[in-house]
Amino acid sequence: MNPSSEWFSDRPKTYLIFDNETSDYLRETKRICSRKIGTWFQNQSAQASLPLQLSNEEVCLLTDLFANELKFLKANFSDFKNLNIHENLSQFKSDYKSYLTELNSKEIENFKFNRRRQMITKKDQILNGKRKKIEQQLDKIKDRILKTDLSDAEKEKLEQQKNSLEFNLRNLELIFDQELDNLEQSNNFFDEVEIFHSTPKFFESIFRTEEISTEQFRILNKNYFINCKFNAFKQLYIKGYYLTGGAKFGGDFLVYPGDPDKYHSQFILVCFESKHELNSLSLKQFITYARMATTVKKTFLICFITENKMESGCFSAHLGDKRYLNFLSINWSHI
């Protein structure tokens, strides 16, 4: 298929990763830290899951720096129109329910096996920890019983608690064995089991995928490769930084000195296509950016394009054709 420029520019498009293997590969070898846009079916507030959505800058970067490894791109379009037909939607729901039932069963069994093995391996450590905790609780209760200002009812309640703890202390081995038996019988592990390792094939049916070569992608998006956001992303990437979306702090990107799972971001980056666009910001907007960055212990980083190299005060990178990419950092001085 040879998509036209109209096809590629006018229609909504996303670039999705449907499996953890590819997601991990991009993160570990290419420093691509895209955001996951899926949710776990039982808990909408849980940690996001697959699919992984690549940003335009990430896709452009991959086609620019790793074109020899990436021959084709697949653009995914939401295809809810056909899914809304009653028969298709009913089938989708049925497939989804069957998939979750089967996957839950397998994952829970694996979880039980690993948890049992872990408990047996660390049995002495677990028993010693429980013994120490019970002894500490007993010491506190005994001290309270010795107080003279307690009523008879309060003393009786404390005696019951003391007897219960002493029973547990004498029967730690028995209680441990009962916990192992309960582990085998229980199925209430949904909040502890990661079930979504890859997007099932039937789920991909709500997307229509059309393939495009990286060469075609670059031709159809040539204007994007010269804009400020992409070039700022690329320059910082080449210098070894990790970048993610910065909307939650009012920027275009957050810039990390290492893997975002291990480091806090260092910069909030905001991009402007020209110095004129930058100059259109009011003093209040500058102060807002600077104070926001300072409040969250980051540096506000501005990037903009000029026709001439800036002489001082910022870092400039030559983009060719009398175009320079400039970086300027701003800190709130608490004046």
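**Figure 1. E307 lies in the loop between β9 and β10 (315-320).** Strands here are DSSP runs of E with at least two residues, helices are runs of H or I with at least four residues, and both are numbered from the N terminus. A quick note before going further: this is a predicted model, where local features need pLDDT of at least 70 and side-chain atom pairs count only at pLDDT 80 or more, while totals for chains, interfaces and linings use all residues. Residues are numbered from 1 along each chain as its sequence is written, and side-chain values use heavy atoms, with hydrogens and water left out. With 62% relative accessibility, E307 counts as exposed (buried is under 20% relative accessible area, exposed is over 50%, partly exposed is in between, using a 1.4 Å probe and protein chains only). Setting aside neighbours within four places in sequence, E307 is in contact with K322, R323 and Y324; contact means heavy atoms within 4.5 Å. The C-alpha atoms of E307 and G320 are separated by 9.7 Å, with the two residues 13 apart along the chain.

**Figure 2. The whole protein has twelve helices and eleven strands.** Of its 335 residues, 37% are buried. Looking at contacts with a separation of 6 or more, 66% come from residues 24 or more positions apart.

**Figure 3. Six aromatic pairs turn up in the structure.** One of them is Y289 with F300, a stacked pair at 4.5 Å centre to centre and 15° between the planes. Y289 belongs to helix α12 (residues 283-295) and F300 to strand β9 (residues 299-306), so the pair ties together parts that are eleven residues apart in sequence. Y289 is partly exposed at 22% relative accessibility, whereas F300 is buried at 0%. Elsewhere, ring pairs join F217, F225 and F230 into a cluster. For the cut-offs, rings of Phe, Tyr and Trp (its six-membered ring) pair if their centres lie within 6.5 Å; planes under 30 degrees apart are stacked, over 60 edge-to-face, and the rest tilted.

**Figure 4. K297 sits in the loop between α12 and β9.** Its phi is near 60°, a positive value in a residue other than glycine. K297 is also exposed, with a relative accessible area of 76%.

Figure 5. K30 lies over the face of F66, 4.9 Å from the ring centre. A charge sits over a ring if NZ of Lys or CZ of Arg is within 6 Å of the ring centre and within 35 degrees of the ring normal.

**Figure 6. Helices α6 (residues 123-145) and α7 (residues 152-170) have axes that come within 10 Å and cross at roughly 155°.** That makes α6 roughly antiparallel to α7. On the α6 side, the residues making the contact include I134, L138, I141 and I145, and on the α7 side they include L158, K162, L165 and L169. The α6 and α7 crossing is left-handed. Axes are lines fitted to C-alpha atoms, for helices over the stretch in contact, with angles from 0 to 180 degrees between N-to-C directions. Angles under 35 degrees are roughly parallel, over 145 roughly antiparallel, 65 to 115 roughly perpendicular and the rest oblique. A crossing is left-handed if the near helix is turned anticlockwise from the far one by less than a right angle, and right-handed if clockwise.

**Figure 7. Helices α3 (residues 56-65) and α10 (residues 228-238) also have axes that come within 10 Å, crossing at roughly 60°.** That makes α3 oblique to α10. This crossing of α3 and α10 is right-handed. From α3, E57, E58, C60, L61, D64 and L65 meet K229, F230, F233, K234, Y237 and I238 of α10.

**Figure 8. R116 is part of helix α5 (residues 86-121).** R116 is partly exposed, with a relative accessible area of 31%. Not counting residues up to four places away in sequence, R116 touches L180, L183 and E184. The C-alpha atoms of R116 and D181, 65 residues apart along the chain, are separated by 9.5 Å.
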